[in-house]
Amino acid sequence: MCKCEIFIFYFILFIYLFFFVDSKSLSIFKKLETLNLNQNMFKNTSLQQLNIFTSLKNLSLKWNSLEGFFPIEGLCTLENLVLLDLSGNHLIGMQEFASLNNLEILDLSYNFLNGILPSSIRLMSSLKFLSLARNGLNSSLQDQGLCQLNKLQELDLNSNFFHGILPPCLNNLTSLRLLDLSSNLFSGNASSSLLANLTSLEYIDLSHNLFEDSFSFSSFSNHSKLQVVILGSGYNKFEVETEYPVGWVPLFQLKTLVLSYCKLTGDLPGFLQYQFKLMVVDLSHNNLTGSFPNWLLENNTRLEYLFLRNNSLMGQLLPLRPNTHIKLLDISHNKLDGQLQENVPNMIPNIMYLNLSNNGFEGILPSSIAEMSSLWALDLSTNSFSGEVPKQLLATKDLWILKLSNNKFHGEIFSRDFNLTGLRYLYLGNNQFTGTLSNVISRSSWLWELDVSNNYMSGEIPNWIGNMTYLTTLVLGNNSFKGKLPPEISQLQSLEFLDVSQNALSGSLPSLKSMKYLEHLHLQGNMFIGLIPRDFLNSSYLLTLDIRDNRLFGSIPNSISALLKLKILLLRGNLLSGFIPNHLCHLTEISLMDLSNNSFSGPIPRCFGHIQFGETKKEYYEFGQFHYSLYAGNFLTVYPGYWVKYWRYPSFAYEEKDEVEFVTKNRRDSYVGDILNFMSGLDLSCNNLTSEIPHELGMLSLIHTLNLSHNQLKGSIPKSFSNLSQIESLDLSYNKLSGEIPLELIGLNFLEVFSVAHNNISGRVPDMKAQFGTFGESSYEDNPFLCGPMLKRKCNTSTESLDSPSQSSQESEAKWYDINLVVFLATFVTSYIMILLGFATILYINPYWRQRWFNFIEESPAIATEPSRA
């Protein structure tokens, strides 16, 4: 009976029960033992009549709309229940219960349970299977009663928040066949003694916890039934010891072995030489060395999934006997080299996914690779392959993913041979491809992501690109495309990432208002002219807007202030003018803003101090997102009595990383991916800004870079800058600032670059302590009234009186004649001229004193000769 027929049957049954059957007729259902009502949207009120099924033993109500606390009213009376499946509902907690003490199988996974387990669960002494996976349980397992369930055969607690150490009493559950404690917060040691007694184990998963120290495979020395072992995580304190004792020959034959992030070193674990039934092997993210283990594929002829990603395997990929079962092979991020063999398709004829990226493979790609008829994902990126891409590969119609970026491929990729009609993802960046964006690309009508950046592509961006309506990523940067950006590009309404930077595009900017899902926009390094359109953008998801180094003029339109999630705004190197608008302060989540090298005038908006650069919470992977995850779900492999769950995190995913350029610490660098989540800076340099520096900028306590250089700013340096506790680079050079450098700035412990050069700053340079002891004379040059040991220019007595008491006694007790000669001469000449001018003014205004002065001059010779006359 098909699923739809079962659904109709039970639907009619319930309609009949509730509307047409009288109480006397219900007795015919009392002997019903199994009832399956999955995925029917039943609610609690729909279960009130279940108490009529007094003989019911097996009840499955998974993926309905049941809610509230377990046990649900109406179920407590079913005392004969042996199996109860309530997974995938909306249960929010567990209450005390004791009536279901005949239950052997209880599945409450995929709900919203929280808190601790009820104490009455220990009374369910008949339980053999218990699953509480994927809930919100957040207690320790100490004194939870689980150890008293001595008949338990399967215990699944994965994906909760259980913490603390594993209770030693778990080794009393000697009937356990399946133990899944993965994806929790367990810590301490995964003790060998804990597992030594559990010799009935067939499946164990302890991965993704916070275990420390080492775990020895000697725990499994007496386990003859073991088939699945999953250990390790990204937590770098967990280490697995597989070679104890040396030469150990295990009693078990594994089907699945996952030891990723387990600090394995040297050759592959020796006990694998004795394994012949393996289907899944993942030894990724270790430090394994040696050559590619052909013997592992040859010994295990049913091996389907082999992951050796991110190790240190060396040598060449040598021929091996055909393995017809291998479907997924990932040996990326190793040190393999040499050329690919022509007979690769014969070695792995049924391969579906092949990842050889980030190795040292070289030479021409063999055309035989297209003979892998089942292949739908091929990643050869970041190697040294050269030559042209085989035309046979370009005609593989079943290929979904082709990644050839970061190699030395050349030639015209989009030739008449291009016929990848099933393609979804195409990455060709950082090669030497030539030619134009030919309309053969339109044959890949389902294309979602296209990257041809950093090549030698030319011609115009065609109008028909607007017909590729499934595109979410279009990266054409750093080529030689010319002409206008076609307005038809706005038809790509699903686009999330658009990069046409570093080309020779010209004309005005088109309106991209219809791209409502756009997250990253890169138009920099072209020759766009004109105003920024008022209806330029309307995406509430936009994170990056980079239109640097073009020829745009006019003011910043108000519409930009509506991009409320914007985190990176880069407008440097244009001809923008006018006041910096206050409406930019509406961008409260901004982290990086670069308005430098324009013609902005007027004051710095005081409201910039309220933006709080870098303070807003960053979402994980905002600037480096997995747009596609290969097998980011369950690999299901049957072994006696169980479905083996092997959770696979993305091993092949195109990680479209955002990349921006920003000047910090006097260097212009590019920043890629996740680091952008932690950067913050404001660059207003090289404009015509006037007035004083707003003291409100001192409120930017988490900003890392502040550049106000090359403007016409005046006044003093705000003392509030002492609150810039995370500042690493502060550049105030080439302005008209005056006054002293605030002594409070010596508390900026992370400051690496500081400059007030070419201003009118006076007084003493801050004490040569902490960070200020690292700044050279160039940080203060062309400030003639600055003094201090750093400048080899001693300060006068008045300046010394302002010094801190921590200065040396020699400096604080300077002699009266230890003066600055330049300052003295300048003061003397100025005073002398002022006295002469004042005296002349008095004589000019007052005739009486003028006459007296003339009489004095006339009488002076006579006075001088009187002594001689005597």
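Author: Happy to! Let us start with Lys 327 and Glu 304, whose side chains meet in a salt bridge at 3.9 Å, N to O; the term stands for a side-chain nitrogen of Lys or Arg within 4 Å of a carboxyl oxygen of Asp or Glu. Lys 327 sits in the loop between strand E24 (314-316) and strand E25 (328-330), and Glu 304 in the loop between H3 and strand E23 (305-307), so the pair ties together parts that are 23 residues apart in sequence. Helices (H or I, at least four residues) and strands (E, at least two) are DSSP runs, numbered from the N terminus. With a relative accessible area of 14%, Glu 304 is buried, whereas Lys 327 is partly exposed at 32%. Here buried means under 20% relative accessible area, exposed over 50%, and partly exposed in between, with a 1.4 Å probe and protein chains only.

Before going on, a word on how to read all this. This is a predicted model, in which local features need a pLDDT of at least 70 and side-chain atom pairs count only at pLDDT 80 or more, while totals for chains, interfaces and linings use all residues. Residues are numbered from 1 along each chain as its sequence is written, and side-chain values use heavy atoms, with hydrogens and water left out.

The structure holds 12 salt bridges. Another of them joins the side chains of Arg 548 and Glu 661 at 3.2 Å, N to O. Arg 548 belongs to the loop between strand E43 (544-546) and strand E44 (551-554), and Glu 661 to strand E53 (residues 659-664), so this pair ties together parts that are 113 residues apart in sequence. Arg 548 is buried, at 3% relative accessibility, while Glu 661 is partly exposed at 23%. The two also belong to a network of salt bridges that links Asp 546, Arg 548, Asp 549, Glu 661 and Arg 668.

Next come Arg 606 and Glu 696, with side chains that meet in a salt bridge at 3.0 Å, N to O. Arg 606 is in the loop between strand E48 (599-602) and strand E49 (624-626), and Glu 696 in the loop between E56 and strand E57 (705-707), so parts 90 residues apart in sequence are tied together. Arg 606 counts as partly exposed at 46% relative accessibility; Glu 696 counts as buried at 14%.

Strands E44, E48 and E56 take us to a sheet. Eight strands form this open sheet, in the order E36-E38-E40-E42-E44-E46-E48-E56, with parallel pairing. Its edge strands, E36 (458-460) and E56 (688-689), each pair on one side only; two strands pair if DSSP finds at least two bridges between them. Within the sheet, two bridges join E40 (residues 504-507) to E42 (residues 527-530), and Ser 506 stands opposite Met 527 in E42.

Now for the nonpolar side. A nonpolar core is a set of buried Ala, Val, Leu, Ile, Met, Phe, Trp, Tyr and Cys residues joined through side-chain atoms within 4.5 Å. The largest one has 206 residues, and those with the most contacts inside it are Phe 217, Phe 414, Phe 608 and Tyr 780. Helix H3 (294-299) is among the elements that each supply at least two residues of this core, as are strands E17 (228-231) and E19 (256-259). Apart from it lies another core, of 10 residues, including Trp 376 and Tyr 425. Leaving aside neighbours within four places in sequence, Phe 217 is in contact (heavy atoms within 4.5 Å) with residues including Val 229, Leu 231, Trp 248, Phe 252 and Phe 271.

Two backbone details may interest you. Lys 263, in the loop between E19 and strand E20 (265-266), has a positive phi of about 60 degrees although it is not a glycine. Asp 782 has a positive phi near 60 degrees too, and lies in the loop between strand E62 (760-764) and strand E63 (785-787). Most residues other than glycine have a negative phi.

Finally, confidence: pLDDT is the predictor's confidence in each residue, from 0 to 100. The protein chain averages 84, and 85% of the residues score at least 70. Over residues 625-655 pLDDT stays under 50, though the model has 106 contacts beyond four places in sequence for them. Residues 799-818 also stay under 50, with 16 such contacts. Where pLDDT is low, the predicted coordinates should not be read in detail.
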